[in-house]
Amino acid sequence: MKRQRLTREQSKDQTRARLLDAAQTTFMKKGFVAASVEDIAAAAGYTRGAFYSNFRSKSELFLELLRRDHEAMQAGLRAIFDSAATPEEMQARVLQYYSTLHRQNKCFLLWAEAKLLAVRDGRFRVRFNAFMHEKFEQLSAYIREFAQRVGMSMPMQPEQLAVGLMGLCDGVQFFYTVDPQNVPAEMVESLLAGFFARVVFGRDA
């Protein structure tokens, strides 16, 4: 069978995807600061010129990588809301989603590094904070929709709960990542499940 030739747009999308994949691997191994544009391009099988044809800077690629990871995680949450679930099923699925998020969050170290970079680099901080604001707004919207769908009142404003949920998930993910022997996955799952059941749902786990 004759291989179909990619259009120019498809070829560009493929190049960007390969550069992002290579950057993810390189950043996870070396860290953002130590990884060079040349490292990323070489790992993807391209030249430095190909990198700059798709991204203006390493920071721009970093933000795009974080956005891609965020969208992948959001797809799982959106699937829960798009399903024709009863209120009880939706509660169970949301609880399962968040209590096991640490098992699927393979890019956690990238997010941690991005936060450190935002503290040290004012220009990056402006763009990163704008992106994080989008994340908070999306999560707040999901919280409002969830409350309406299951017919329950939230213990605090959706915006406040969004900050709390993200902070809690990031915090336990950190302990799980750096000290899995003393903070194993089972402990993290039990902690998050208990928090959601009591604080969000107002019931015992």
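Helix H9 gives the most to the lining of the largest cavity, with five residues. This is a predicted model. The structure holds two cavities of 30 Å³ or more. Its largest pocket has a volume of about 190 Å³. H9 also packs with helix H7.

**The largest cavity**

- About 360 Å³ of space lies in this cavity.
- Its lining counts 21 residues. Met 73, Leu 101, Lys 135, Met 166 and Asp 170 lie nearest the centre.
- Six helices each supply at least two lining residues: H4, H5 (87-99), H6 (101-104), H7, H8 and H9.
- By class, the lining has 12 nonpolar, five polar and four charged residues.

**The second largest cavity**

- This cavity holds about 120 Å³ of space.
- It is lined by 14 residues. Nearest its centre lie Val 94, Tyr 98, Ile 143, Phe 146 and Leu 165.
- H4, H5, H8, H9 and helix H10 (185-200) each give at least two residues to the lining.
- H8 provides the largest share here, four residues.
- The lining residues divide into 14 nonpolar, no polar and no charged.

**The largest pocket**

- Arg 56, Ser 57, Ser 59, Glu 60 and Leu 63 are among the residues that line the largest pocket. Asp 121, Arg 123, Phe 124 and Arg 127 are also part of the lining.
- Helix H4 (58-82) and helix H8 (122-150) are the elements that give two or more residues to this lining.
- Five of the lining residues are charged, two are polar and two are nonpolar.

**Where H7 meets H9**

- H7 spans residues 108-120, and H9 spans residues 158-178.
- The two helices pack at an angle of about 115°. Their axes are 11 Å apart.
- H7 passes H9 in a left-handed crossing.
- From H7, the contact uses Phe 108, Leu 109 and Lys 115. From H9, it uses Asp 170, Gln 173, Phe 174 and Thr 177.
- By class, this contact has three nonpolar, two polar and two charged residues.

**Links between the sites**

- Asp 170 belongs to the H7 contact of H9, and Asp 170 is also one of the residues nearest the centre of the largest cavity.
- H4 and H8 each give two or more residues to the pocket lining.

Note on methods. Residues are numbered from 1 along each chain as its sequence is written. This is a predicted model: local features need pLDDT of at least 70, side-chain atom pairs count only at pLDDT 80 or more; totals for chains, interfaces and linings use all residues. Side-chain values use heavy atoms; hydrogens and water are left out. Axes are lines fitted to C-alpha atoms, for helices over the stretch in contact, and angles run from 0 to 180 degrees between N-to-C directions. A crossing is left-handed if the near helix is turned anticlockwise from the far one by less than a right angle, and right-handed if clockwise. Contact means heavy atoms within 4.5 Å. Ala, Val, Leu, Ile, Met, Phe, Trp, Tyr, Cys and Pro count as nonpolar, Asp, Glu, Lys and Arg as charged, and the others, Gly among them, as polar. On a 1 Å grid over the protein atoms alone, a cavity is a set of points where a 1.4 Å probe fits but cannot get out, and a pocket is an open set with protein on both sides within 12 Å along at least five of seven lines; lining residues have an atom within 4 Å of a point. Grid points are joined across faces, edges and corners, and a volume is the space filled by probe spheres set on the points.
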